[in-house]
Amino acid sequence: VDEIFHAPKHPYTQALLRSMPSMHGETRTASPVIGGALPHPLNRPPGCPFHPRCPDRMGTCSQRMPALRPVGDVQLASCFLHHDEAEAA
């Protein structure tokens, strides 16, 4: 769990952690948000479901779903930033 909070690998996890309010931040300032709209659960986009909102997306992200693979010693990530493997069709 520490690794996820201190060195998140997936862009969605990074965005979620940035959007958390802080006890040490300035008061009355808008929290960072993840841009874009949530996909409809019954009409998800092809490829990675986060790709329309991902600041690090690549062309392959909209075409294939990345496989969940180890990233480092203790984390798993389903992201083409860390490997080229896609889920089996």
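**Entry 1: surface.** I began with the accessible surface of the protein, which comes to about 6700 Å². Carbon and sulfur atoms account for 56% of that area. I note here that the model is a predicted one.

**Entry 2: a nonpolar patch.** I then asked which residues make the nonpolar surface patch of about 430 Å². I found V1, I4, F5 and M20. I looked up one of these, I4, and placed it in helix α1, which covers residues 2-6. Is I4 buried, partly exposed or exposed? The relative accessible area of I4 is 40%, so I recorded this residue as partly exposed. The reasoning rests on the cut-offs: partly exposed lies between under 20% for buried and over 50% for exposed.

**Entry 3: burial.** I turned next to the whole chain. The protein has 89 residues, and 25% of them count as buried.

**Entry 4: secondary structure.** How many helices and strands does the protein have? I recorded two helices and two strands. Following the sequence, I wrote the pattern down as α-α-β-β.

**Entry 5: extent and contacts.** I looked up the span of the C-alpha trace along its principal axes and noted about 50 × 35 × 20 Å. For contacts, I considered those between residues at least 6 apart in sequence; of these, 21% join residues at least 24 apart.

**Entry 6: charges.** I finally looked up the charges of the protein and noted 8 positive and 8 negative ones.

Technical notes:
Residues are numbered from 1 along each chain as its sequence is written. This is a predicted model: local features need pLDDT of at least 70, side-chain atom pairs count only at pLDDT 80 or more; totals for chains, interfaces and linings use all residues. Side-chain values use heavy atoms; hydrogens and water are left out. Helices (H or I, at least four residues) and strands (E, at least two) are DSSP runs, numbered from the N terminus. Buried means under 20% relative accessible area, exposed over 50%, partly exposed in between (1.4 Å probe, protein chains only). Contact means heavy atoms within 4.5 Å. Accessible areas come from the Shrake-Rupley method with a 1.4 Å probe; for residues, only the protein chains shown count as cover. Lys and Arg count as positive and Asp and Glu as negative; His and the chain ends are not counted. The place of a charge is taken as NZ of Lys, CZ of Arg, CG of Asp or CD of Glu. Patches are made of residues with over 30% relative accessible area and no salt bridge: like charges are joined within 9 Å, nonpolar side chains (Val, Leu, Ile, Met, Phe, Trp, Tyr) within 5 Å. A salt bridge is a side-chain nitrogen of Lys or Arg within 4 Å of a carboxyl oxygen of Asp or Glu.
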